[in-house]
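This report describes a few local features of a predicted model. The sequence and the structure are shown first.

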Amino acid sequence: MTTPVCTSASAAAAPARQTHAYPSFSSYVRARQPVLLRTARSLTANPSDAEDLLQTALTKTYVAWERIEDHRALDGYVRRALLNTRTSQWRKRRVDEYVCDELPEPEPVPGGEDPAERQALHDAMWRAITKLPARQRAMVVLRYYEDLSEAQTAEVLGVSVGTVKSAVSRALGKLREDPELGLVR
């Protein structure tokens, strides 16, 4: 029987014990998340999609955490999970596009109004209303947009009905004179 001369040499010849570079999954994520997020961003065009992709890959890694023998290769495992997950997402993406003889057109709006013109009128009206003094603007909005009666408008604002009538009348006069609304009519 031989006696080992160098104890360090005999220790080197013995199988090395597995040492974990990261004692827990959460410590691994804290240490490596910025690097892994950059990898995920290189796989997607949208930063939010990249965060979701990384979250999914980390979930898969967490499930397999106990089975991963070499924790020094964790980055490779997560990168492979990122790539596989992204490939699966890409394959599952459906494009519902069908060939047809004629293009489907939206049904015409009743009354022959063009939605774009209606929106332009709506925008011009709001710009004109914002030019009114605050009290008149509040009365016009309550009276015509909220569809309150003169009495209800007066009650909400704490003024008399006569004040509402005169203020709304002056406000409508200003709106009629607004040059921007004249172009839309």
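Arg143 is part of helix 6, which covers residues 134-145. The helix is made up of twelve residues and spans 15 Å between its first and last C-alpha, close to the 16 Å expected at 1.5 Å a residue. Its buried residues are Gln136, Met139, Val140, Val141 and Leu142. The packing partners of these buried residues are helix 5 (115-131), helix 7 (150-157) and helix 8. Just past the end of helix 6, Asp147 adopts a positive phi of about 60°.

Arg143 itself is partly exposed, because its relative accessible area of 21% falls between the 20% and 50% cut-offs. Leaving aside residues up to four places away in sequence, Arg143 is in contact with Leu148, Ser149, Glu150 and Thr153. For Leu148, the backbone oxygen is 2.9 Å from a polar atom of the Arg143 side chain. Lys165 is 22 residues from Arg143 along the chain, and the C-alpha atoms of these two residues are 10.0 Å apart.

Asp178 sits in the loop that links helix 8 (161-177) to helix 9 (179-184). Asp178 counts as buried, because its relative accessibility of 8% is under 20%. The side chain of Asp178 makes a polar contact of 3.4 Å with the side chain of Lys131.

The accessibility values of the two residues are listed below.

| Residue | Relative accessible area | Class |
|---|---|---|
| Arg143 | 21% | partly exposed |
| Asp178 | 8% | buried |

Conventions: Residues are numbered from 1 along each chain as its sequence is written. This is a predicted model: local features need pLDDT of at least 70, side-chain atom pairs count only at pLDDT 80 or more; totals for chains, interfaces and linings use all residues. Side-chain values use heavy atoms; hydrogens and water are left out. Helices (H or I, at least four residues) and strands (E, at least two) are DSSP runs, numbered from the N terminus. Buried means under 20% relative accessible area, exposed over 50%, partly exposed in between (1.4 Å probe, protein chains only). Contact means heavy atoms within 4.5 Å. A polar contact is a pair of N or O atoms within 3.5 Å; within protein, one must be able to donate a hydrogen and the other to accept it, and residues adjacent in sequence count only if both atoms are side-chain atoms. The expected span of a helix is 1.5 Å times one less than its number of residues.
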